[in-house]
Amino acid sequence: IQSKLPKVGTTIFTRMSKLAEDYKAINLAQGFPEFDCSPDLQKLVDKYIRRGKNQYAPMAGVMALREGISQKVFAATKTEYHPETEITITSGATEALYVAISTVVNPGDEVIVFEPAYDSYVPAIEMNGGIPVFVTLDPQYEYIDWEIVNSKVTEKTKAIIINTPHNPTGKVWTESDLKQLDFLAEKNSLFVISDEVYEYIIFDDLRHVSAASIPSLASRTFLCGSFGKTFHVTGWKVGYCLAPKEFTTEFRKIHQFMVFSVITPFQFAIAEFLKEPDHYLSLSAFYESKRNIFNEAIKDIGFVLKPSEGSFFQNVSYKNLSEEHDLVLAERLTKEGGVASIPLSAFYGEETNFRVLRFCFAKNDDTLLRAAELLNKVV
Ligand code: PMP
Ligand code: GLN
């Protein structure tokens, strides 16, 4: 077979999770919660399975869920997405992103991607014949240099992908960032793909600024979301894409032949659970406490802690401690130290040696403390 993705192997998440399993290490690598979702949500799934909601859902998704999403997004942004024509339920945000990228990218089109970047963007661009153009975040993740972003735009630029709160860095885009993005996208007629899967995990009184909250930006944006992080159900793979009607029409043409529709009883269950905003609005405080517990427990190791403003990831620089490449160190810490992490170089287009590891703190407090204890011994 002539590979369509010659540069791609098995994802770093799969590799590090396997290594963690083989060496019985604590897995702070792949991002997923250690704890279970609410028993109430589990009961709702059970209820809808028993009620016979077990056949194909409508192609665009169960209407009650589309309505629930529309209401929650309106409450947060004052932008109305019409459930009938502007909201599609997808198989996780991964499918939403892949389909959104496929909808707009044609061979030869350039797509601006901020790196470090979540690993699914670039292969999706390349599968559609597009060319990723990278803008590297500053090493402290403190700001986005819109002059640089601007300088990357050419007449071939078709789209720009943003992700806030950002995986892997935890960086949160500010209102000013979104306004500059809006200006840039408008000036150059760009599509925007906004990955907001960590929208409810945000710390230190910062605020999530959704692309949906700026009407002109919303009019160019495919907003991709997921319930995986929001309800601790990454295995359910229920996500969504919000986009203006004409965008959604084209998006659904691809979605219908990729998966057709998404798991039915789970959509009904999420729709009902979503009616209580406390179920997701309490998430930031929950994770902020975990971030603080983990950071306090690792503070004497000598890592330089990068700011984690949102998501459930903490990045640490070990440049004062070791010369090792981050993949080498991440593997050694897993095998010898009993703690798995993700080397940040995995999220860059070119080989880098920033010497940064990403730890996922979506774990029980005692797991975080045990991991810190092991790290204190081995680093
Ligand atoms: N985008 C980002 C930034 C993510 O971290 C993830 C999952 N970890 C996804 C997209 C994919 O979401 P899902 O699991 O709903 O497909
Ligand atoms: N998004 C998760 C992470 O960043 C992993 C998802 C996956 O394994 N594909 O760790």
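Leu305 stands opposite Val316 in β10. The model is predicted, with local features needing pLDDT of at least 70, side-chain atom pairs counting only at pLDDT 80 or more, and totals for chains, interfaces and linings using all residues. Residues are numbered from 1 along each chain as its sequence is written, and chains are lettered from A and ligands numbered from 1 in the order in which they are written.

**The sheet.** Strands are DSSP runs (E, at least two residues), numbered from the N terminus. Four of them form an open sheet in the order β9-β10-β13-β12, with antiparallel pairing. β9 (304-305) and β12 (342-343) are at the edges with a single partner strand each, so one side of each has no neighbour in the sheet. Two strands pair if DSSP finds at least two bridges between them. The pairs are listed here.

| Pair | Sense | Bridges |
|---|---|---|
| β9 and β10 | antiparallel | two |
| β10 and β13 | antiparallel | five |
| β12 and β13 | antiparallel | two |

Strand β13 spans residues 356-360. Within β13, Val356 is the bridge partner of Ser317, and Arg358 is that of Ile342. Strand β10 (residues 313-317) is largely enclosed by the rest of the structure, because four of its five residues are buried (20 or more other C-beta atoms within 10 Å of a residue's own, C-beta atoms being placed from the backbone).

**Ligand 2.** The residues around ligand 2 are Thr11, Phe13, Gln30, Gly31 and Asn167, taking those whose C-beta atom, placed from the backbone, lies within 6 Å of it. By class, this shell has four polar residues, one nonpolar and no charged; Gly counts as polar, Phe as nonpolar, and Asp, Glu, Lys and Arg as charged.

Definitions and conventions:
Buried ≥ 20, exposed ≤ 12 C-beta atoms within 10 Å, placed from the backbone.
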